[in-house]
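Subject: Structure handover and notes

Hello,

The structure is placed below, and my notes follow it. Please read them with the model open.

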Amino acid sequence: MDKIPVRKNDEFIVDIIDYGADGEGIAKVENFTIFVIGALKNEKCKIHITKVTSSYAFAKVVEIIEKSPYRVEKDCESFPRCGGCNLRHIEYEGTLEIKRQKVQNLVNRTLEDKITVNKTIGMDKPIYYRNKAIYPISSNKEVGIFAGRSHDVIPFKECKIQTLESQKISKYIVENWKDTIYDEKTGKGLLRNIMIREGFATKEIMVVIVQNGTKMYDATNLIKQFPNIKTVVINVNTKETNVVLSRENIIVYGDGYIYDKLGEYIFKISPNSFYQVNPVQTEKIYNLAIEKARLEKQDIICDLYCGIGTIGIFASKYVKKVYGIEIVEEAIKDANENEKLNKVENIEFINGDVEFAFDKLLKKNIKPNVTIVDPPRKGLDEKTIENLCNLGLERLIYISCNPATLVRDLKKLEFVYNIQEITPIDNFCYSSHVECVAVLKLK
Ligand SMILES: C[S@@+](CC[C@H](N)C(=O)[O-])C[C@H]1O[C@@H](n2cnc3c(N)ncnc32)[C@H](O)[C@@H]1O
């Protein structure tokens, strides 16, 4: 574009024609893209330009001239500054269609096979649904939540997606251990973040105090006040980094882990192990993945990026053998214990980077005929895609928390596999994130 048609502080009346990746409204001024925070598709708005780059601009809504029927009154005082939910101004059913459309747009833009993405599987009660919370502490010594796209801490009254118990615990800790709070400017003090994990089925709670040093706390009163706390752990993080947890844990109380139950299985969860944040929706993801894999008694399957072994253990009773691969050592230790806890005898967990460990497994002449992959947001590496293509699997299930890398990888897998279906599942209700289960079959 030769000349950018908008400048900071300009105002326009625009039609909102679509949604961006983070749920912002999209408008065009002389074909130049404007991301309008807080605007809904099909609304007409007066907007104020807040930032301009060479290829797009951001704007805020000054006035809604024609309102979408999906718009609802916000029910949280921290919205829209908080980065937890960016779709709280939209009726829940509407958020599900926005997520479906987001995946559909990527499919239409990228894949050969322009399949219709299935409806998003929603949650019956999308409130207080997260089993893991990380609460930062603001410079004025209040417990908070990170703002969207920044490290600013916003104090909150009541969060609609974290559990009420975890909110109470975090506020209690900050109130009672105020004097120990870390100051980013001076580097003095201890308490930096609080991570709380809850087993929704077992009601067990783990409190992880992230602190700038090894000083021990007396947690007696905390445990008395909240008897469901089964363990308190200090995580020592002295680095100036955005990564919340270090690998150094000191147990203050309990065993350093909790248990949760998913479906018919029990899982041990340690502080550094990955565990899906929405257990209600996770069961739906796992059951859908297993149903679509159409597992049979003679199948040899791989569960790549297996975490604490959840998917492999869910699949184990249908197949001959499961191999799970995971990079985090602590998660593999949990997986091995979970195997024993659930009396699973046909599963083997391997600690390693999928890129190399999967390759090594195949070179030992182990040939899975079905594989389930569930990589982190960055998706699959080239070697693993090459291996998955060379294997010619009967069925391949790709679970993803990032539709952009999912579709990027599906494009490469499309040479060998038909993409049969993609189903979004609302694991992160009211945020713009979405989980997907893609089903691939050998051509
Ligand atoms: C989205 S989680 C899925 C975990 C598990 N499937 C579940 O449902 O709980 C991705 C997992 O991949 C692991 N991971 C990340 N990079 C990896 C790599 N290069 N090789 C193996 N595992 C990796 C992470 O530690 C995490 O446990």
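Cover is counted by contact, meaning heavy atoms within 4.5 Å. Helices (H or I, at least four residues) and strands (E, at least two) are DSSP runs, numbered from the N terminus. Helix 9 spans residues 403-413, and its buried residues are Pro403, Thr405, Leu406, Val407, Asp409, Leu410 and Leu413. Buried stands for under 20% relative accessible area, exposed for over 50%, and partly exposed for what falls in between (1.4 Å probe, protein chains only).

On provenance, this is a predicted model, in which local features need pLDDT of at least 70 and side-chain atom pairs count only at pLDDT 80 or more, while totals for chains, interfaces and linings use all residues. Residues are numbered from 1 along each chain as its sequence is written, and side-chain values use heavy atoms, with hydrogens and water left out.

Strand 20 (residues 395-400) is largely enclosed by the rest of the structure, because 6 of its 6 residues are buried. Arg395, Ile397 and Ile399 point one way from strand 20, and Leu396, Tyr398 and Ser400 point the other way. Strand 19 (residues 370-373) runs parallel to strand 20 and is joined to it by 4 bridges; two strands count as paired if DSSP finds at least two bridges between them. Across this pairing, Val370 is opposite Arg395 and Ile372 is opposite Ile397. Strand 19 is also covered on both faces, with Val370 and Ile372 buried on one side and Thr371 and Val373 buried on the other. Strand 16 (residues 300-304) pairs with strand 19 as well, in the parallel sense and over 4 bridges. There, Ile301 stands opposite Val370.

An open sheet of mixed pairing is formed by 6 strands in the order 1-5-6-4-3-2. Strand 1 (11-15) and strand 2 (18-19) are at the edges with a single partner strand each, so one side of each has no neighbour in the sheet. Strand 5 (residues 44-52) and strand 6 (residues 56-66) are antiparallel and share 8 bridges. Lys51 has Phe58 of strand 6 as its bridge partner.

The ligand

The ligand is surrounded by 17 residues, of which Tyr286, Glu326, Asp353, Val354 and Asp374 are the closest; a residue is included if one of its heavy atoms lies within 4 Å. The shell divides into 10 nonpolar, 4 polar and 3 charged residues. In that division, Ala, Val, Leu, Ile, Met, Phe, Trp, Tyr, Cys and Pro are nonpolar, Asp, Glu, Lys and Arg are charged, and the others, Gly among them, are polar. The protein covers 90% of the 600 Å² of accessible area that the ligand has on its own (Shrake-Rupley method, 1.4 Å probe).

Thr282

Thr282 lies in helix 4 (residues 279-292) and counts as buried because its relative accessibility is 2%. Beyond its neighbours within four places in sequence, Thr282 is in contact with Leu262, Gln276 and Asn427. A polar atom of the Thr282 side chain lies 2.7 Å from the backbone oxygen of Asn278.

Regards

How values were computed. Polar contact = N/O pair within 3.5 Å; in protein donor to acceptor, adjacent residues only side chain to side chain.
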